[in-house]
Amino acid sequence: MTADFRLFLNALKDVLSSRRIFIALFLMVLPAIIGLIWKSAAGERFEALESYNTLAAGLVFGFILTILSVIYGTGVLSQELEGRTIVYLLTRPIPRWRILLAKYLGAWLAITVTVSISEVLLALAMFGTKLSGVPLMSDIKIIPLGAAAYGALFLLLATLLSKPLSYGLLFAFGWESWVPSLPGGFSRWSIMAYLRTLAPHLQETAESTTATGGGGGGGDISEILMAFNPVSIPTITAWFAIPIITLVCLGLSLYFFSVREYSPKEEAS
Amino acid sequence: MNVDNTIHFEHVSRWYGQVIGLNDVSFTIPKGLTALLGPNGAGKSTMLKLVTGQIKPTTGGIAVLGEQPFSNPRVARSLGYCPEIDNFYEDMTGRQFVELMATLSGYKGQDKTQRVQNSIDRVGMSDRCDRKLGGYSKGMRQRIKVAQAIVHDPKVLVLDEPLNGLDPLGRRDMVNLYQQFAEEGMCVLISSHILYEVEQITDRILVMYKGRLLAQGGIRDIRKQIDSHPHRITLTTDNPRKLAGALLLDDTVISARMPQNNNRVVEVETAQPEKFYSNLADIILDGGFEVDVFQAPDNNLEAVFRYLVSA
C-alpha cells in the first residue's frame, strides 16, 4: 500500500468516525423523510416531480452538499491541526502537497457518496421504484462536480484561515444563498449557480420557489431579487467553470500547504 | 553552510509576531548525543521545530545534513522526530501507528513489517503494541513515539522531552537506548528542562534561555568558560578550622569558610579549579587531615545553568 493510498484511506476513516458517521447518516435520510412527510401531508394534491425538484434543489444541493463540503473540506486539515497529529505527517518524507491531495480525495469521495445516497433515497421516497423520467441521473452526475468544487474551496479556506469552519458556513449559507440572486452578473461568483445551470430542473425550482415561497434558501428579499435577475449562465460556461474553480482552489491549497507553517497553536505560542 | 551529518544553525532568529522565540542562535551539532537544555519557554521547542522543518526561521540559515529542512522530504527521510505532544490517532494500536508512519516513509510489504517490529522491539513495546493507543500509559506513549521516530533508520534523531512520563526503570532503559543510537552513528538531539536528567544522558549540551543560546559544549568545557565565577568545593573533615587555614595558604584559594549549621564542613572558593585539585592532595597529606566527603557542586549542570542564567 502506498503512502498516498494510506492517507486516502485514513481520510475516509476520519470521515466515518463514530461522531461524523451519525451526522452523515442523518443527512442521507433527511430529504427522504421530509419528502415522505410532505407526500402524506399533501395527499392527492401531491406533485412528485415538483416536490422532488424542490427538495433536491433546496435540501440536497442547497444544504446537504454544502454543509458536508464545509465539514469534510475544512476537516481535511483542521482535524489534524486540532488533534495536533499534523506533526507526524509533516515530518515524514512525503511532499506536503501529496498529503493534502490524498486527504482531499478521501473527503471528496465521502461527500459524493453521502450526497448521492441522499439524492437516491429522496427519489425513492418520491417516486418509489418508478424512476423513469426523474432527473435523478443528471443530479447524480453533477454531485461529484459540486463536491469537488466546494471541497476544494473549503480546503483552501482551511489552508489560509484559522477558523475555516466559521468562514465556510458563512460562505455556504450566506454568500451562496444571496449572491446568485444579486443583479449585475454576481451569479458568476457562485458555485451553486453553475451547478443549477448544469441541472436545469434545480434552476427552474429555484426560480419557481419565488412564487411559492419555499426551497433553496434565500428568504423573501433574495426571492424578489432572483425574480428580477434570472440566472442565465450558458451551460458550456458552467461545464468549464466548475472544473476551473476546483483546479484553482485545489492548486492554491496544495501550494499554500507546501509553503506555509502548520504548527499546533499551543506549541507555537 | 553545507555541513553533512550535522545540524547547523547560523544566526537564526525566529519571531512569533512581536514575540521572539529564538534570538540570533548559531551552533553546529555533530554526530553523537547532544542535549538541549533550558527551562520551559526557553525556545527549545522552537529550535526543534526549526530542525525538523515544521517552521521556517525569520532570519538566518539552517542546514540539516547539508540541506534546509523546511518542507523538505529529503531531509525528512533522514530525520526522526519524537514530539513532546501527547497526541495520537487514539483509535489505532501502537503497531498500526508505527506501520502508518513506516508507510508514509515509503516502506511496503515485508520490509515495512520487519522495520515496524524492529522499532517496537527496540523501545520495549513488543508485548503491548497491539493495544489501542487510547489505553496506553504516558510511558508507553513515549516509547511508541520513539518507535515511530526510528522506523525509517534516520541519521538524525530529534527527541523533545522524551523522558517525560517514564518511570525510573523506563528512563534508564530509554537513556541507554538513546546512547546506543549515538554509538551507532546517529546525531541524537534531546531536549529537556530537567538538569539531572541531562547530566545522566550526555555531557555535551546546548543551554537555552529566553530564546538565546547561553552556552554550548561539554559541561566541564562550559564550566571552564566561566573563569571569573568562583568554583565551590565542599570538604567534610574532623578538623575544619585547621583545614581551612591550610587551604587559605594556597594561592588558588579565594576563600575558605565554615558554615554555621555544620561544624565539620569547609567550603572553599577557587577561580582555578584544575590547579586547586592538583594542590589539594598535597595539602591534605601534608596536614594529615581526614577528609570524609569531597563535593564539587559547581561541576554539576545545575550550577552551570544557574550561573549562566544569572550572568
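Here's a tour, stop by stop, with something to select at each one.

This is a predicted model, where local features need pLDDT of at least 70, side-chain atom pairs count only at pLDDT 80 or more, and totals for chains, interfaces and linings use all residues. Residues are numbered from 1 along each chain as its sequence is written, while chains are lettered from A and ligands numbered from 1 in the order in which they are written.

**Chain B, the whole thing**

You'll be looking at eleven helices and 13 strands; helices here are DSSP runs of H or I with at least four residues, strands are E runs of at least two, and both are numbered from the N terminus.

**The six-stranded sheet**

Next, pick out the open sheet of chain B that runs β5-β6-β7-β3-β8-β9, with mixed pairing. Two strands pair if DSSP finds at least two bridges between them. β5 (79-82) and β9 (212-218) of chain B are the edges; each has a single partner strand, so one side of each has no neighbour in the sheet. From one strand to the next, the twist averages 15°.

Zoom in on residues 32-37 and 187-192 of chain B: these are β3 and β7, paired in the parallel sense over six bridges. Leu33(B) sits opposite Val188(B) there.

Contact means C-beta atoms, placed from the backbone, within 7 Å.

**The three-stranded sheet**

Stay in chain B and find the open antiparallel sheet ordered β2-β1-β4. Its edge strands are β2 (19-29) and β4 (59-64) of chain B. Select residues 7-16 for β1(B), which pairs with β4(B) over five bridges; Glu10(B) has Gly61(B) as its bridge partner. α1(B) turns up again here, touching β1, β2 and β4 of chain B.

Switch to residues 96-127 of chain A. This is helix α5, 32 residues reaching 46 Å from first C-alpha to last, close to the 46 Å expected (1.5 Å times one less than the number of residues). Since 23 of those 32 residues are buried, α5(A) is largely enclosed by the rest of the structure. Just after it, Gly128(A) takes a positive phi of about 70°.

**Core and contact**

Which residues touch the most other members of the largest nonpolar core? Select Leu155(A), Val188(B) and Leu189(B), out of 146 residues. A nonpolar core is a set of buried Ala, Val, Leu, Ile, Met, Phe, Trp, Tyr and Cys residues joined through C-beta atoms within 7 Å. Among the residues that Leu155(A) touches are Tyr104(A), Cys249(A) and Leu250(A).

Last, show both chains: the contact takes 23 residues from chain A and 25 residues from chain B. On the chain A side, α4(A) gives the largest share, three residues.

Technical notes: Contact = placed C-beta atoms within 7 Å. Buried ≥ 20, exposed ≤ 12 C-beta atoms within 10 Å, placed from the backbone. Axes fitted to C-alpha atoms, helices over the stretch in contact; angles between N-to-C directions. Lists of a residue's contacts leave out its neighbours within four places in sequence.
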